Amino acid sequence: MNRDSMLPLMTHCPICKALYPKEQVKLISEQNNAKLYHSTCATCGHGLFYYVIQGQAGVSAIGLVSDATGADASRMADAGIITGDDCIKAHKIIEKNSQDLCQNLLDIREKLA
Ligand SMILES: [Zn+2]
């Protein structure tokens with residue numbers, strides 16, 4: 001991608017203001033006039049997702065700071081859409097196994113302390 005065609009959001013880390021290396025800006029997905037990019041700051045390590053939407057009125061961009069890596073972003077882009085049925089299944093699993101879930105969380109908490 002040509003740096004001249006990049007938006008400021010795509011060139012600088014919003015946390016530490018470091019310049020992103022051009023190769024750190026990755027196009028994750030593209031649909032119609034919307035593109036999802038991800039970049040990881042080499043200085044502070046924060047990840048950033050941003051949607052760039054090209055409309056008739058111009059270009060809009062929305063950014064979200066994340067701890068997701070570029071590999072996480074690619075995996076998420078390849079994953080299917082989470083449906084309402086998926087949410088209900090997850091709720092039922094958590095409800096059915098809530099005692100085990102709580103015990104596992106407590107076990108992890110003890111390891112973190
Ligand atoms: Zn940074």
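Domain bounds in this description come from an automatic or database domain assignment. The structure is a predicted model. In it, the assignment divides the chain into domain 1, covering 3-80, and domain 2, covering 83-113. The centres of domain 1 and domain 2, taken over C-alpha atoms, are separated by 32 Å.

Four strands make up an open sheet in the order 1-2-3-4, with antiparallel pairing. Strand 1 (26-31) and strand 4 stand at the edges; each has a single partner strand, so one side of each is left without a neighbour in the sheet. On average, and with direction ignored, neighbouring strands of this sheet are turned by 20° against each other.

Strand 1 pairs with strand 2 (residues 34-40) in the antiparallel sense, over five bridges. Within this pairing, leucine 27 has tyrosine 37 of strand 2 as its bridge partner. Helix 2 (residues 70-78) packs on the sheet and touches strand 1, strand 2 and strand 3. The direction of helix 2 makes about 20° with that of strand 1. Lysine 26 stands opposite histidine 38, which belongs to strand 2. None of the six residues of strand 1 is buried, so strand 1 lies largely in the open. Burial here requires 20 or more other C-beta atoms within 10 Å of a residue's own.

The hairpin of strand 1 and strand 2 has two residues between the strands. Asparagine 32 is placed in the loop between these strands, strand 1 and strand 2. The phi of asparagine 32 is near 50°, a positive value in a residue other than glycine. With 7 other C-beta atoms within 10 Å, asparagine 32 is exposed, the cut-off for that class being 12 or fewer. A positive phi is also found at lysine 17, with a value of about 70°, although this residue is not a glycine. Lysine 17 lies in the loop between helix 1 (8-11) and strand 1. Lysine 17 has 10 C-beta neighbours inside 10 Å and therefore counts as exposed.

At the other end of the strand order, strand 3 (residues 47-55) and strand 4 (residues 58-66) pair over nine bridges in the antiparallel sense. Valine 52 has alanine 61, in strand 4, as its bridge partner. Strand 3 is joined to strand 4 by a hairpin through two residues.

Helix 3 (residues 84-96) contains 13 residues. From its first C-alpha to its last, helix 3 reaches 18 Å, close to the 18 Å expected at 1.5 Å a residue. The count of buried residues among the 13 residues of helix 3 is zero, and the helix is hardly covered. Helix 4 (residues 98-112) has 15 residues, which should span 21 Å at 1.5 Å a residue; the end C-alpha atoms of helix 4 are 21 Å apart, in agreement with that value. The number of buried residues in helix 4 is zero out of 15, so helix 4 lies largely in the open.

Leucine 112 is found in helix 4. Leucine 112 has 6 other C-beta atoms within 10 Å and is exposed. Between leucine 112 and glycine 80 the separation is 32 residues in sequence and 32 Å in space, C-alpha to C-alpha.

Definitions and conventions:
Residues numbered from 1 in each chain as written. Predicted model: local features only at pLDDT ≥ 70, side-chain atom pairs only at ≥ 80, totals over all residues. Pairing = 2+ DSSP bridges. Expected span 1.5 Å × (residues − 1). Axes fitted to C-alpha atoms, helices over the stretch in contact; angles between N-to-C directions. Contact = placed C-beta atoms within 7 Å.
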